[in-house]
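Here is my notebook from an afternoon of looking things up in one structure. Please have a look at it first, then read along with me.

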Amino acid sequence: PPVIRREDYQPPAWLVPQIALDFRLGIEETRVTARLSVRRNPAGSAASTLHLNGDQLTPLAVRVDGEAVNDWRMDGADLLVELTGEAHEVEIETSVNPAANSQLMGLYASNGMLCTQCEAEGFRRITFFPDRPDVLSTYSVRMAGDKGQFPILLSNGNCTATGEGEDGTHWAEWHDPWPKPAYLFALVAGDLVANHAQFTTRSGRRVDLNIWVRSGDEQRTQHAMDSLINSMKWDEEAFGREYDLDLFNVVAVSDFNMGAMENKGLNVFNTRYVLAEPETATDADYDGIESVIGHEYFHNWSGNRVTCRDWFQLSLKEGFTVLRDQLFSADMGSEAVKRIEDVRVLRAAQFPEDSGPLAHPIRPDSYQEISNFYTATVYNKGAEVIRMMRTMAGPDRFRQGTDLYFDRHDGEAATCEDFVKAIEDGAGLDLRQFRLWYAQAGTPQVAVEASHEGDVATLTLTQTIPATPGQPEKQAVPIPLRIALFDRDSGRHAGERLIVLDTDSRSFAFEGFARPPVVSINRGFSAPVAIDMERSNEDLVFLAAHDDDPFARYEAMQSLVVQHLVAAVGGGLSETARAEGRKAIGQAFAAVLSDDGLDDLMRGELMVLPGVAYLAEQVLVADPAAIHEEREGLKAWLGSELAESLVALHDRVSGVPYSRDAAARGARKTKAQALVLIAAGDPAEGARRAIAQYRAADNMTDRQSALTVLCNLEGPEREEALADFLRRYQGNALVIDKWFALQAGSFHPQVLQHIEALSQHPEFTLNNPNRARALYMTAAVNPKAFHDASGAGYRMIGELIRKLDPINPQTTARFVPQLGRWRRIEPARAAMMRAELEKIAAQPGLSRDVREQVSKSLG
Ligand code: B3K
Ligand code: ZN
């Protein structure tokens with residue numbers, strides 16, 4: 001497959017200022033007529049050929065300026081039309097079969113409704129078009145279809161006319177006044193009901209808000225609606241961004257490749273990020289809805305009003321919008337907890353990507369299939385990179401930078417360079433060297449050496465950025481580190497400082513310390529780097545209990561556990577050292593359990609142990625099963641060592657009645673963590689408490705956390721609860737997804753057999769991405785299942801990839817990186833992982849998506 005390179009960018013030869021689309025809707029056949037007003041781009045080449053992208057389309061008719069022409073030809077899947085003048089009207093007819101579209105890109109059918117997904121290159125599956133984000137057009141859409149089947153007809157912008165046709169059909173016309181690239185086009189037709197509300201913008205525009213769902217689901221949309229209204233208000237206050245249409249529609253669809261899509265004025269969402277009520281959605285689900293509703297809404301400015309010049313610039317909109325949604329969620333809830341969760345995601349998903357065969361800079365240099373670049377790197381590391389600029393400038397100056405960015409580039413297709421330049425000019429920063437963060441892949445490692453002489457403490461910081469594919473050598477990047485040094489005697493620090501490490505190595509001196517201070521560094525996770533510093537358990541226990549930066553407290557707790565587990569797995573711990581390590585961890589945990597100054601939400605966060613993926617990152621070659629066992633061993637030890645306080649804690653928080661406020665959510669979070677540890681220490685007591693919690697639950701958070709624990713255990717309670725859960729939520733797809741995921745994610749000795757049986761369950765299907773992921777993605781990230789010593793986990797995921805690829809390449813390709821990590825896994829397992837990749841590579845007819853990921857993983 002051809003490699004697309006960033007350096008090859010050429011402006012389009014032809015522009016399409018306007019497009020009129022006419023749809024005659026049908027589930028099995030939809031006829032599309034597209035009328036493109038094209039004109040030569042003065043900034044483009046003088047080519048007379050109009051290059052229109054297509055994907056599995058046949059042109060049924062081509063007319064230029066009203067005349068049928070034969071002056072067209074196919075170039076692979078694309079349509080080339082020869083044009084002689086400066087401006088023309090080009091009309092093309094195509095026909096598509098939405099019911100047969102299992103890829104869920106372009107126009108497809110889901111549960112009897114029609115909907116679209118065009119980002120990144122789905123519009124070319126609907127009609128021939130220059131399907132690239134730097135071609136912006138105003139869209140007029142007319143659609144007609146059966147009134148009974150499609151009572152609701154939606155597209156971007158405003159509805160300008162509706163009417164009835166013959167034979168039970170009706171039609172609607174929509175016009176979107178804002179020029180947009182084709183990837184933001186959307187159409188929805190189906191039998192939907194809406195939750196309506198209104199929002200008045202700060203300049204007085206009244207906006208109608210609708211969240212469209214299938215009848216019966218409308219009582220589960222209020223949280224999404226509240227989140228939308230909060231987002232609209234927040235973006236006015238935090239970024240000065242106001243909504244720009246009189247209508248904002250959100251549609252929930254049950255078959256969807258990702259979370260949601262920011263189509264102009266018509267966001268299309270995976271049902272999982274819309275529907276919630278206490279009985280069926282966990283607190284985490286509620287948080288997910290708030291952040292994704294916010295994210296898509298914020299794209300209206302960072303993405304739609306200012307879009308991307310080409311797909312290499314994806315992080316321009318995604319990194320920035322992730323940062324915006326993170327700041328929004330932090331403002332709506334607990335800033336400290338939100339930061340911890342965001343860093344946990346980064347470490348679990350992005351760090352492994354950055355250290356593996358698929359590592360790429362946040363602005364990639366090349367791709368074969370752009371869908372493969374909607375990654376944790378482009379999104380989450382992209383957000384971290386922009387967050388560093390904000391940290392260096394301070395929030396107010398950063399805001400001047402973003403204001404300038406929106407002013408300068410409104411209505412344009414911009415580049416990452418445009419963004420950096422605007423922040424540089426608006427915030428008054430020198431970002432010359434900082435631009436390397438866009439160009440280099442790999443997570444910088446910062447080694448910290450502390451020394452002390454007289455009353456001066458010195459920290460010597462050295463950065464190294466590991467080699468990544470295509471980038472053997474790296475240059476030093478500026479690394480902003482928030483730092484505080486605690487005086488051992490007073491237990492206090494004299495103020496936080498921001499230091500920037502912008503060379504390979506540099507020393508920083510701090511005066512006024514009679515004894516070596518306790519170092520708190522990278523507070524708030526001010527830079528997306530790995531800190532490598534030797535520290536005593538004593539110092540970490542001190543920071544875990546006393547640091548006034550909540551993230552640093554969490555970090556100290558994590559480091560304590562990471563240090564211990566990594567040494568234990570490496571066989572480097574004597575029995576005494578192991579006992580001492582556990583004792584220190586136990587001490588820190590006990591402090592967390594009993595600290596009255598902590599709210600329960602934060603307490604629950606501090607009780608979460610580092611995940612296996614992040615632990616495996618700490619060593620060059622990992623034995624994930626050994627890490628998992630050691631981690632489980634530590635849980636069991638903590639559970640029995642702290643049994644009394646854990647039980648007391650579990651009792652206390654179990655008495656807090658359900659509500660959505662922070663205290664009650666904190667109680668549920670702590671309850672879940674306490675139960676996990678109790679069960680690890682004493683499975684019988686765990687089972688007793690878990691089934692009681694399950695039976696008494698009046699909300700999904702408690703019910704799910706109880707069932708999670710039961711799934712790991714053997715015994716009748718497990719079967720009772722699983723059967724009850726399935727019966728109770730029959731017909732609710734999102735909850736049935738949980739039923740699959742809970743079993744696939746369990747540490748039960750027979751987890752692989754369970755997954756195999758579940759794949760044959762009547763409720764299982766590969767055609768629905770949520771269901772496929774609930775079973776198999778959960779299995780692929782479950783160390784107990786995936787890394788089973790027999791290799792059965794690898795074979796299962798390999799087989800899944802081969803089976804799912806012909807149905808849905810985009811969803812399939814997301815499974816490949818799990819196998820792609822073989823170089824970092826111990827040799828026996830690595831060989832089996834590699835063998836699976838080779839078997840996939842040998843399969844004929846592989847999609848471009850999977851082909852790219854597999855060949856890079858074998859590399
Ligand atoms: N922009 C979309 C992602 C589309 C992915 C297509 N493969 C959702 C989002 O990031 O908001
Ligand atoms: Zn996005």
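**Ground rules.** I noted that this is a predicted model, where local features need pLDDT of at least 70, side-chain atom pairs count only at pLDDT 80 or more, and totals for chains, interfaces and linings use all residues. Residues are numbered from 1 along each chain as its sequence is written, and chains are lettered from A and ligands numbered from 1 in the order in which they are written.

I looked up UniProt, where an unreviewed entry lists "domain: Peptidase M1 membrane alanine aminopeptidase" at residues 224-434. UniProt positions use the numbering here, feature names are shortened, and annotations may be inferred rather than shown by experiment. I found 55% helix and 9% strand in residues 224-434, with the end C-alpha atoms 37 Å apart. Helices (H or I, at least four residues) and strands (E, at least two) are DSSP runs, numbered from the N terminus. The unreviewed entry also places "domain: Peptidase M1 alanyl aminopeptidase C-terminal" at residues 538-858. I read off 74% helix and 0% strand for residues 538-858, whose end C-alpha atoms lie 44 Å apart.

**Core.** Next I checked the largest nonpolar core, which has 243 residues. Such a core is a set of buried Ala, Val, Leu, Ile, Met, Phe, Trp, Tyr and Cys residues joined through C-beta atoms within 7 Å. Buried means that 20 or more other C-beta atoms lie within 10 Å of a residue's own, with C-beta atoms placed from the backbone. Helix α10 (residues 550-569) gives the largest share of this core, 11 residues.

**Helix pair.** I then followed α10 to helix α14 (residues 624-641): they pack at about 125°, with axes 10 Å apart. Axes are lines fitted to C-alpha atoms, for helices over the stretch in contact, and angles run from 0 to 180 degrees between N-to-C directions. The two helices α10 and α14 are therefore oblique to each other (angles under 35 degrees count as roughly parallel, over 145 as roughly antiparallel, 65 to 115 as roughly perpendicular and the rest as oblique). Leu565, Ala568 and Val569 in α10 are in contact with residues of α14, including Ala626 and Leu634; contact means C-beta atoms, placed from the backbone, within 7 Å.

**Loop residue.** Is Leu25 buried or exposed? I found it in the loop between β2 (14-24) and β3 (30-40). Leu25 is buried, because 23 other C-beta atoms lie within 10 Å. I also noted that Leu25 and Asp146 are 121 residues apart in sequence, yet 7.8 Å apart in space, C-alpha to C-alpha.

Definitions and conventions:
Buried ≥ 20, exposed ≤ 12 C-beta atoms within 10 Å, placed from the backbone. Contact = placed C-beta atoms within 7 Å.
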